[in-house]
Amino acid sequence: MTNHMIDPMLSELERYYDAVPRVGGARAEDFGPLTLFVQEGSGWPFYARPALGGSDASAADVQRVLARQRELGVPEAFEWVAETSPALRPAVEAAGLHVHAHPLMVLEAGEELPPHPEVRLLDAEDPLLAAAVAVPGLAFAAPGTAVGKAGPAELAAAAADPAVEPHRANVSAKLAAGTSGMAAAVRDGVVLCSGMFNPVGDVAEVVGVGTLPSARRQGLALGVTAALVAQARERGARTVFLSAGDEDVARIYARAGFRRVATALIAEPPAEPAA
């Protein structure tokens, strides 16, 4: 059975995780101990996760959800917190999925992150919105904290790709509605780092903070995070959290006042070997 004697902070995050896809326009399909969130219309395709307050899921439960995801043509993805649902990892691995672990971190109450002079908030009509949407894709394609090759030229090409437009339009709509916030580090008209936050009630998650690989190790990600935290708190967020990309990134956020509370897990099919 799922352990219900969990940290109150993790219980709060579980309620957030269950609510945010619904706020984001997804419908919830009930699979007993699992809930599959399916985006209706444009936007993030979402994933399956443990049902709020549910029991442990088996490999058979996971297979049922996977079959439905394949039927719908949506990503075969699961997301959950290791400490809250410890039995799910062996179940998804038995179903053939690969699991990625990310430090789950909460900003300590009262901590103030220093602002960065090159970071500003973006609104729904900002002309740099397409570039800000494209930056994280380049960042996550080259994970880690080392300085990389992708720079302004690669960003310009990515931002001009027609595939970015639906994502830009979706982000623009969220910014206009006030259901998300976005910040970017901009130098000489070039977006070097960007990120967002998604609030539900008095909880907000900082998501998608990515730095253009050629601009890493300049404190830009922390500057973007600081701006997002400040805006989230202005809008009433009491708890602000994020999932760090890896342990190196987690150490950077820890020095800024974030405390590790658990481990966020993401499961998806294993990558196909390179040709």
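**Terms and values**

Author: Among contacts in the protein chain (heavy atoms within 4.5 Å) between residues at least 6 apart in sequence, 71% join residues at least 24 apart. This is a predicted model, where local features need pLDDT of at least 70, side-chain atom pairs count only at pLDDT 80 or more, and totals for chains, interfaces and linings use all residues. Residues are numbered from 1 along each chain as its sequence is written, and side-chain values use heavy atoms, with hydrogens and water left out.

Reader: Why is strand β2 called mostly covered?

Author: Buried means under 20% relative accessible area (1.4 Å probe, protein chains only). In β2, residues 34-39, six of six residues are buried. One side holds L34, L36 and V38, the other T35, F37 and Q39. For the whole protein chain, 48% of the 275 residues count as buried.

Reader: How do you know that β1 and β2 pair?

Author: Pairing needs at least two bridges found by DSSP between two strands. Six bridges join β1 (residues 26-31) to β2, and the strands run antiparallel; A26 has Q39 as its bridge partner.

Reader: And what makes β3 a partner of β2?

Author: Three bridges join β2 to β3 (residues 48-50), again antiparallel, with L34 opposite P50.

Conventions. Buried means under 20% relative accessible area, exposed over 50%, partly exposed in between (1.4 Å probe, protein chains only). Helices (H or I, at least four residues) and strands (E, at least two) are DSSP runs, numbered from the N terminus.
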